[in-house]
Amino acid sequence: ATIRDWNGQMIGLVIVFRDISGKTMMERELQTIEKLKAVTIVAAGIAHDFNNLLTAILGNINIAKMHTAGRYDLHSFLNEAEKACLRATGLTQQMLSFSKGGAPVKKTISIRELIEDTALFAMSGSTVASEFRFPGDLWSVDVDPVQLSQVIQNLVINAVQSMPSGGSLVIAAENRVVNDLDHLPLAVGSYVKIMVKDSGCGMDQKTQSKIFDPFFTTKATGSGLGLTNSYLIVGNHKGHMTLESEPGKGTRFYIYLPAASGERSVDISRTSEKYIAGKHILIMEDESIVINTIRKMFEFIGCTVDIEQDCDQTIARYRESIEKNIPYDLVLLDLTIPGGRGGVETLRELFKINPSVMAIVSSGYSNDPVMARYEEYGFRGVLRKPYRIEEIHEMLRELFASSTQ
């Protein structure tokens, strides 16, 4: 703008400089989000059916492992088969993460153990040295442990592959308070910031601009979905994921996750062992291939099980148990029953019979909103298909421990 004197003569100029780097960064993030919407039509139904099959496969392998603990040769073969099933489970979870309506099934946890275990497993067999840096006062976070493990695994595998001749990987976390001056697409508040840093080949600006795009990959055999899936997962946790990199100087990924607002939870694995043998459980499950496996898994840990295949039969069996004054300790309800009423409708009817019924929901369609907000529907917990005996045992231990407090 010009500055003029009383006679209209120009005597100067006013020049305003405005830093738009924050705005530009936000625009790039919005463009990335828009690109991701293009892949939300991935068929979650296929993943659901596949998870039912994996429940039968993984469950039987799990049971066989328990019976062959003393046979190293058989046990090792079954262990490899179980690992393959778990990798297949990871693929279905990635598919479900792209589906509409997906939401994390959150727990309040301390992330240190989860990150270390996931990273070390992903690095097994590599020549990369690892280092973990976690402060003692690190805040807890509300996360889906399965999904967060996927994120860490994807980042660690990418880091290891960028260092074929060996190198170093540093994973660190810190407490961080985000404000408007940080120019991050995050609400102001408290976060846990995770850094995954490698000494690999790094990447140029062009590659960085596409790194979260669906199906973009620099690998000959890559799917291009790992980092996209990780970005979606972090976003669904109301967090943010970004990176810094230079060719030849390695890459640093940063993950921001909202800190938990409540009290820090105690890890279930460290709670006192509760006696769960003899619990009487009613299960609603329509898949015949899954029924026998589920029965054997629950019976292996000492529970007695009755299984019905639809809503009406389940309600009738539960009403009968109340009338005989031998109510079930727990009801496990499949979320979806093709052609019939599913878990939500069934639980609604069970509440009419017994307002104190204890129920958990299970599904291979783990991105359904009911799975993420199960408490709003009256459920006490969630079992995502496929699951192992250890997860059943952990769930029962948590439920019956809390019910006696």
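Q: Two strands are said to pair if DSSP finds at least two bridges between them, so what makes strands β10 and β12 a pair?

A: In this predicted model, four bridges join β10 (residues 280–284) to β12 (residues 330–334), and because the definition asks for at least two, the two strands count as paired. They run parallel, and within them methionine 284 stands opposite leucine 333 of β12.

Q: Why are β11 and β14 said to stand at the edges of their sheet?

A: The sheet is open and has five strands in the order β11-β10-β12-β13-β14, with parallel pairing. β11 (304–308) and β14 (381–384) each have a single partner strand, so one side of each is left without a neighbour in the sheet. From one strand to the next, the twist averages 20°.

Q: What makes helix α8 a helix that packs on this sheet, and which strands does α8 touch?

A: Helix α8 (residues 288–300) touches β10, β11 and β12, where contact requires heavy atoms within 4.5 Å. The direction of α8 makes about 160° with that of β11.

Q: Why is threonine 118 called buried?

A: The relative accessible area of threonine 118 is 11%, and because buried means under 20%, this residue falls into that class. Threonine 118 is found in helix α4 (residues 111–123), and, leaving aside neighbours within four places in sequence, it is in contact with Ser149, Ile152 and Gln153.

Q: How do helices α5 and α7 pack together, and which residues meet there?

A: Helix α5 (residues 145–161) and helix α7 (residues 226–236) pack at an angle of about 145°, with their axes 9 Å apart, and α5 passes α7 in a left-handed crossing. Among the residues that meet are Val151 and Leu155 in α5, and Leu227, Ile233 and Val234 in α7.

Q: How many residues of each class make up the contact of α5 with α7?

A: The contact has five nonpolar, seven polar and no charged residues. Gly226 of α7 takes part in this contact, and because Gly is counted among the polar residues, Gly226 belongs to the polar class.

Key
Residues numbered from 1 in each chain as written. Predicted model: local features only at pLDDT ≥ 70, side-chain atom pairs only at ≥ 80, totals over all residues. Heavy atoms only, no water. Helix = DSSP H or I, 4+ residues; strand = E, 2+ residues; numbered from the N terminus. Axes fitted to C-alpha atoms, helices over the stretch in contact; angles between N-to-C directions. Left-handed = near helix turned anticlockwise from the far one by under 90°. Buried < 20%, exposed > 50% of the residue type's maximum accessible area, 1.4 Å probe, protein only.
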